[in-house]
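The following exercises concern a single structure.

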Amino acid sequence: MLKFKQEGKKFTALTAYDASFAAAFDSEGVDVLLVGDSMGMVLQGHDDTLPVSVDDIAYHTRCVRRGIKRALLIADMPFMSYATPEQAMINATTLMQAGANMVKVEGGHWLLETVTKLTERGIPVCAHLGLTPQSVHVFGGFKVQGRDASNAQRILDEAKALQAAGAQLLVLECIPVALAKTITEALTIPVIGIGAGADTDGQILVMHDVLGISSGYIPRFSKNYLAQTGEIRSAIRAYIDEVANGTFPSSEHTFS
Ligand code: KIV
Ligand code: NA
C-alpha cells in the first residue's frame, strides 16, 4: 500500500469474514481485506461492535486467510483487547497466529506505547481515528468527528504521533473531507478512508453495505454496488474501478 501511495494509485479495501467471499474479493483485485469487528453488527446482529471477542476475530481470520492469495489481511483488535500494552501483545499474537498480516486498533495518544511495542516485536499496526465505533458510547452515537477546529487539530496530531510510533497504515472514519485531505498529505504512511472523502489514499467499505444486504440502517457514506451490477463479482469490480478513477466517494457519500 505504501508503493500505491508513493505512486498516487488509489487502492481498495473491503471487510471479509469467510473464505468464499475473501477468495472472490481477492481474485477480483481488492488490495486489503479486513476482518472487522463490524462482524458484531453485520454477522452477529448486535447494535454495536462491543460484544465481539478475540476468539470471534481469530476464527473469522482463519477462515478469511484460507481464501486469500494476494491481498493484505488485517484483523481488528476488539473492544478492550488492547486496554493495556500487555493485553495487546497477547491478543495480537492470537490474531497474527490466526493468519493476519497486521492488526488494527482504535485510538490516539493513549495507544502510542502499544503501537511501538507491537511494531518492535514484529506485529504491524494499522491505526484508526475519527469515528472509532468502540467508543460509540463516549461519543453518544455514531456521529461525524473532527468538525470543530480543536477536535480536528487533535485528530491531525494523533495521526502524526501514531505514524511516529510505528503505525504502518491509518483508517480515518467519518470525518470532514478537508480534514482527511490534510491528514493524508501530512503523512507518509497510506491512509484508508470510510466516510472521509475521495482524497485518502485508499477506501474501505463493509461488504454487506456494498452488496446491499445490511439490515436496517445503511450509512450515508456507503454504496450498494450490487444494485447497479446485479452480480457479486461485477459489483466488486465496479467498486474497485470507481475508487481507482476517483468517482467513489462522491459528495453524496461525504461530510463537509
Ligand atoms: O470493523 C470494520 O469493519 C471497520 C471498518 C469499517 C474500517 O473497522
Ligand atoms: Na472495526
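**Exercise 1.** Determine which residue the "active site" annotation covers and describe its setting.

*Solution.* The unreviewed UniProt entry places its "active site" annotation on E173; such positions are given in the numbering used here, feature names are shortened, and annotations may be inferred rather than shown by experiment. This is a predicted model, in which local features need pLDDT of at least 70, side-chain atom pairs count only at pLDDT 80 or more, and totals for chains, interfaces and linings use all residues. Residues are numbered from 1 along each chain as its sequence is written, while chains are lettered from A and ligands numbered from 1 in the order in which they are written.

Then consider burial. E173 counts as buried because it has 22 C-beta neighbours inside 10 Å (buried: 20 or more other C-beta atoms within 10 Å of its own; exposed: 12 or fewer; partly exposed: in between; C-beta atoms are placed from the backbone).

**Exercise 2.** State which residues have a positive phi without being glycine, and whether each is buried or partly exposed.

*Solution.* M80 has a phi of about 65° and lies in the loop between β3 (72–76) and α5 (85–97). M80 is partly exposed because 13 C-beta neighbours lie inside 10 Å. C174 has a phi near 50° and lies in the loop between β6 and α9 (177–186). C174 is buried, since its C-beta neighbours inside 10 Å number 23.

How values were computed. Helices (H or I, at least four residues) and strands (E, at least two) are DSSP runs, numbered from the N terminus.
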